[in-house]
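Thanks, everyone. I have one structure to walk through today, and I will keep it short. Have a look at it first.

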Amino acid sequence: MKNTKILLSLFIFASVLFFAGPMITHAQYGGGGGGFIPVPVPPIPHADVNNDGVINEYDFSILMSQWGQTGNNLSGDINHDGVVNEYDLSILMADWS
Ligand SMILES: [Ca+2]
Ligand SMILES: [Ca+2]
């Protein structure tokens, strides 16, 4: 029951990031005028579950689809401890683009 509450609050947090994300990204470009400001490309964080260069809702959904699974070849097992759980989710949240 306690885990369910933690999961629910993390999910709400992720949802807020999902909806706030585009606004934050837009703000980086100064809101118009045609000036594209190049942003240095950061190294790919290891929480990039699907290896597309960004940590976003796709990585989150992969992690959720593997939630609770155990094994050696799980892409959602970000900390490589053999299980997909809240520790992997917390790394993903910390690295969220
Ligand atoms: Ca990704
Ligand atoms: Ca793990």
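The protein chain has three helices and zero strands. Read along the sequence, the pattern is α-α-α. Please keep in mind that this is a predicted model. Helix 1 covers 2–28, and helix 2 covers 57–65. Helix 3 covers 86–95.

Some totals next. The chain has 97 residues, and buried residues make up 16% of them. Now take the contacts between residues at least 6 apart in sequence. Of these, 37% join residues at least 24 apart.

On to the core. Which residues make up the largest nonpolar core? There are nine in all: Ala 47, Val 49, Ile 55, Phe 60, Leu 63, Ile 78, Val 84, Leu 89 and Leu 92. Helix 2 and helix 3 each supply at least two residues of this core.

Let me take those two helices in turn. In helix 2, the buried residues are Asp 59, Phe 60 and Leu 63. Around the axis they cover an arc of only 100 degrees, so they sit on the same side of helix 2. In helix 3, the buried residues are Asp 88, Leu 89 and Leu 92. Down the axis of helix 3, its buried residues fall within an arc of 100 degrees, so they line one face of the helix.

Now the packing. Two packed helices are described by the angle between their axes and the distance between the axes. For helix 2 and helix 3, the angle is about 180 degrees, and the axes are 11 Å apart. Angles over 145 degrees count as roughly antiparallel. Helix 2 and helix 3 are therefore roughly antiparallel to each other. Which residues make the contact? From helix 2, they are Asp 59, Phe 60 and Leu 63. From helix 3, they are Asp 88, Leu 89 and Leu 92. By class, the contact of helix 2 with helix 3 has four nonpolar residues, two charged residues and no polar ones.

Start with Ala 47. Is Ala 47 buried or exposed? Ala 47 is buried, because 22 other C-beta atoms lie within 10 Å, and the cut-off for buried is 20 or more. Setting aside neighbours within four places in sequence, Ala 47 is in contact with Ile 55, Asp 59, Ile 78, Ile 91, Leu 92 and Asp 95. Ala 47 and Leu 92 are 45 residues apart along the chain, yet their C-alpha atoms are separated by 5.2 Å.

Val 49 next. Val 49 counts as buried, because it has 23 C-beta neighbours inside 10 Å. Again leaving out neighbours within four places in sequence, Val 49 is in contact with Asp 59, Ile 62, Leu 63, Ser 75 and Gly 76. Take the pair Val 49 and Gly 76. They are 27 residues apart in sequence and 6.0 Å apart in space, C-alpha to C-alpha.

Then Asn 56. With 19 other C-beta atoms within 10 Å, Asn 56 is partly exposed. Asn 56 and Asp 95 are 39 residues apart along the chain, and their C-alpha atoms are separated by 9.1 Å.

Last topic: backbone angles. Most residues other than glycine have a negative phi. Asn 51 is not a glycine, but it has a positive phi of about 55 degrees. How many other C-beta atoms lie within 10 Å of Asn 51? There are 8, so Asn 51 is exposed.

His 80 also has a positive phi, near 55 degrees, and is a residue other than glycine. Where is His 80 found? It is in the loop between helix 2 and helix 3. His 80 counts as exposed, because it has 10 C-beta neighbours inside 10 Å.

To recap. The chain has three helices and zero strands. Helix 2 and helix 3 are roughly antiparallel. The largest nonpolar core has nine residues, with Ala 47 and Val 49 among them. Asn 51 has a positive phi, and His 80 has one too. That is it from me.

Technical notes: Residues are numbered from 1 along each chain as its sequence is written. Chains are lettered from A and ligands numbered from 1 in the order in which they are written. This is a predicted model: local features need pLDDT of at least 70, side-chain atom pairs count only at pLDDT 80 or more; totals for chains, interfaces and linings use all residues. Helices (H or I, at least four residues) and strands (E, at least two) are DSSP runs, numbered from the N terminus. A residue is buried if 20 or more other C-beta atoms lie within 10 Å of its own, exposed if 12 or fewer, and partly exposed in between; C-beta atoms are placed from the backbone. Two residues are in contact if their C-beta atoms, placed from the backbone, lie within 7 Å. A nonpolar core is a set of buried Ala, Val, Leu, Ile, Met, Phe, Trp, Tyr and Cys residues joined through C-beta atoms within 7 Å. The arc is that of the directions from the helix axis to the C-beta atoms. Axes are lines fitted to C-alpha atoms, for helices over the stretch in contact, and angles run from 0 to 180 degrees between N-to-C directions. Angles under 35 degrees count as roughly parallel, over 145 as roughly antiparallel, 65 to 115 as roughly perpendicular and the rest as oblique. Ala, Val, Leu, Ile, Met, Phe, Trp, Tyr, Cys and Pro count as nonpolar, Asp, Glu, Lys and Arg as charged, and the others, Gly among them, as polar.
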